[in-house]
Amino acid sequence: MNDNMQKVLVALRSGLYAQTVEALQDENGFCCLGVMCDIYEKETGIKLIRDNQGFIYGGDLNDQQGVREWVGLLHPDGSTKIMESLVHLNDEGHTFAAIADFIESEPLGLLE
């Protein structure tokens with residue numbers, strides 16, 4: 001796991017982010033991948049693609065490839081070899097802390 005993903009884990013556990021589903025970011029908050037995007041912007045100063053309302057665009061990292069590479073995810077939705085994905089965990093109601101624990105366990109196929 002790279003240092004950038006470590007920063008994301010801290011952010012996911014921080015309690016500073018409201019959680020939403022089915023979008024990287026919307027008026028309710030961020031999904032776990034959206035938190036990755038927010039940390040990426042803060043750390044790199046690179047602005048990401050946004051929708052007409054100013055929210056980070058997308059439901060996974062297909063349109064935000066720089067973020068995927070920066071954190072070291074192998075797949076845009078954070079999928080693993082065990083047929084689980086970060087998008088699924090987030091949208092099924094797992095807390096950010098539980099998702100951080102899942103990432104930290106480094107399931108096969110999640111990270112480079």
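Colleague: Let's start with Arg68: buried, partly exposed or exposed?
Modeller: Arg68 is buried, with a relative accessible area of 13%, and please keep in mind that this is a predicted model.

Colleague: Which residue does Arg68 form a salt bridge with?
Modeller: Its partner is Glu69, with the closest N and O atoms 3.7 Å apart. Glu69 is partly exposed, at a relative accessible area of 48%, whereas Arg68 is buried.

Colleague: And which residues do salt bridges with shared partners join into one network?
Modeller: That network consists of Arg13, Asp101 and Glu104.

Colleague: How many salt bridges does the structure hold?
Modeller: The structure holds 6 salt bridges. As a general point, side chains of opposite charge can pair when their charged atoms come close.

Colleague: What about Lys42, which side chain does it meet in a salt bridge?
Modeller: The side chain of Lys42 meets that of Asp38, with an N to O distance of 3.0 Å.

Colleague: How far apart are Lys42 and Asp38 in helix α2?
Modeller: They are separated by about one helical turn, because they lie 4 residues apart in that helix. As for accessibility, Lys42 is exposed, with a relative accessible area of 59%, while Asp38 is buried, with a value of 12%.

Colleague: Which residue does Glu41 pair with, and at what distance?
Modeller: Glu41 forms a salt bridge with Arg50, and the closest N and O atoms of this pair are 2.5 Å apart. Glu41 is buried, with a relative accessible area of 8%, and Arg50 is partly exposed, with a relative accessible area of 34%.

Colleague: Changing topic, how many residues are in the largest nonpolar core?
Modeller: The largest nonpolar core has 33 residues, and those with the most contacts inside it are Leu33, Met36, Leu73, Leu86 and Ile103.

Colleague: Which helices each supply at least two residues of this core?
Modeller: These are α1 (3-13), α2 (32-44), α3 (65-71), α4 (86-91) and α5 (96-104).

Colleague: Which one gives the most?
Modeller: That is α2, which gives 7 residues to this core. Speaking generally, nonpolar side chains in soluble globular proteins tend to be buried together.

Definitions and conventions:
Residues numbered from 1 in each chain as written. Predicted model: local features only at pLDDT ≥ 70, side-chain atom pairs only at ≥ 80, totals over all residues. Heavy atoms only, no water. Core = buried A, V, L, I, M, F, W, Y, C linked by side-chain atoms within 4.5 Å. Buried < 20%, exposed > 50% of the residue type's maximum accessible area, 1.4 Å probe, protein only. Salt bridge = Lys/Arg side-chain N within 4 Å of Asp/Glu carboxyl O.
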